[in-house]
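I opened the notebook to look up strand pairing and aromatic rings in this model. My entries follow in the order I made them.

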Amino acid sequence: MRAFLLPQFWLLLLCALTSRVVAATQLRIVDENGMSLQHAVVELESSAAQPIANNIAIMDQIDKAFVPFVLAIQPGQEVSFPNSDDIRHHVYSFSQTKPFELKLYSGTPNQPLMFEKAGIVVLGCNIHDSMVGYIYVAEQPVLITDAQGLVNLPDNIDTVMVWHPYQTKDIDKKQTVQIESKNSQISITIEITTPVPRNTFGARFGQHE
């Protein structure tokens, strides 16, 4: 009797788990060659009010790189820029959404910066030209794809906007997608341009339009 019940239990459990996976609406963001895109932003068009974020977001600097590569925040939210490296950095942005400059420093600046309006902020370091990062300021809820290019959508979402820092279109443009098929995996393609590797030292990071 025990030998029969054990396989049946695992079969029922497998069916339950499989049902959960199928029931979710999953987006997979890929490039024009079908390769998964990590760091793609999926902005959810929702009528529900988004809770106000009172926490200070963190854009760290580790091993001469911005961490996270893409940081999603809300308008009016503050961001701190700690420097966890043992060398100094000079962080700045020419983006219209939030132009700023944190001159050569180590440790953590005394005051975080507030990002007042929605938009894309491209970050650079005046000392280390290879350092590029992005802050995505959105009024709507945001999801960011994992290494497999995946995000799971809430049940009540019918429209999303997708964006990737390497997209070929203008850095501020977003692709609007209608979610017509629920409870399945949907692939969305973003055409990208792979950036040329930057030198560790070099000219100032170019301005983005």
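I started with E11 and E12, which run antiparallel and are joined by six bridges. Strands here are DSSP runs of at least two residues, marked E and numbered from the N terminus (helices are H or I, at least four residues). Two strands pair if DSSP finds at least two bridges between them. Gly-119 has Val-137 as its bridge partner in E12. A hairpin of six residues connects E11 to E12.

The model is predicted, so I noted the limits: local features need pLDDT of at least 70, side-chain atom pairs count only at pLDDT 80 or more, and totals for chains, interfaces and linings use all residues. Residues are numbered from 1 along each chain as its sequence is written, and side-chain values use heavy atoms, with hydrogens and water left out.

**Five-strand sheet**

I traced an open sheet of five strands in the order E6-E12-E11-E8-E9, with mixed pairing. E6 (70-73) and E9 are the edge strands; each has a single partner strand, so one side of each lacks a neighbour in the sheet. The twist averages 20° from one strand to the next (axes are lines fitted to C-alpha atoms, for helices over the stretch in contact; angles run from 0 to 180 degrees between N-to-C directions). E6 pairs with E12 in the parallel sense over four bridges. There, Ala-72 has Tyr-136 as its bridge partner in E12. Strands E8 (residues 89-93) and E11 (residues 119-125) run antiparallel, joined by two bridges. Val-91 has Cys-125 as its bridge partner in E11.

Is E12 enclosed or open? Six of its six residues are buried, so E12 is largely enclosed by the rest of the structure. Buried means under 20% relative accessible area, exposed over 50%, partly exposed in between (1.4 Å probe, protein chains only). Val-132, Tyr-134 and Tyr-136 point one way from E12, and Gly-133, Ile-135 and Val-137 the other.

**Rings**

I counted eight aromatic pairs in the structure. Rings of Phe, Tyr and Trp (its six-membered ring) pair if their centres lie within 6.5 Å; planes under 30 degrees apart count as stacked, over 60 as edge-to-face, the rest as tilted. Phe-100 and Phe-115 are edge-to-face, at 6.0 Å centre to centre and 80° between the planes. They sit in strands E9 (residues 100-105) and E10 (residues 113-115), 15 residues apart.

Tyr-136 and Trp-163 form a tilted pair, at 5.4 Å and 55°. This pair links E12 (residues 132-137) to E15 (residues 159-163), 27 residues apart. Tyr-136 counts as buried at 1% relative accessibility, and Trp-163 at 0%. Ring pairs join Phe-69, Tyr-134, Tyr-136, Trp-163 and Tyr-166 into a cluster.

What lies over the face of Phe-115? Lys-98 does, at 5.9 Å from the ring centre (NZ of Lys or CZ of Arg within 6 Å of the centre and within 35 degrees of the ring normal).

I then followed Phe-115 into an open sheet of three strands, ordered E3-E7-E10 with mixed pairing. E7 (residues 77-80) and E10 pair antiparallel over three bridges. Phe-115 is the bridge partner of Gln-77 in E10.

Gln-77 is buried at 6%. Its side chain reaches the backbone nitrogen of Gln-74 at 3.0 Å (a polar contact: N or O atoms within 3.5 Å; within protein, one able to donate a hydrogen and the other to accept it, and residues adjacent in sequence count only if both atoms are side-chain atoms).
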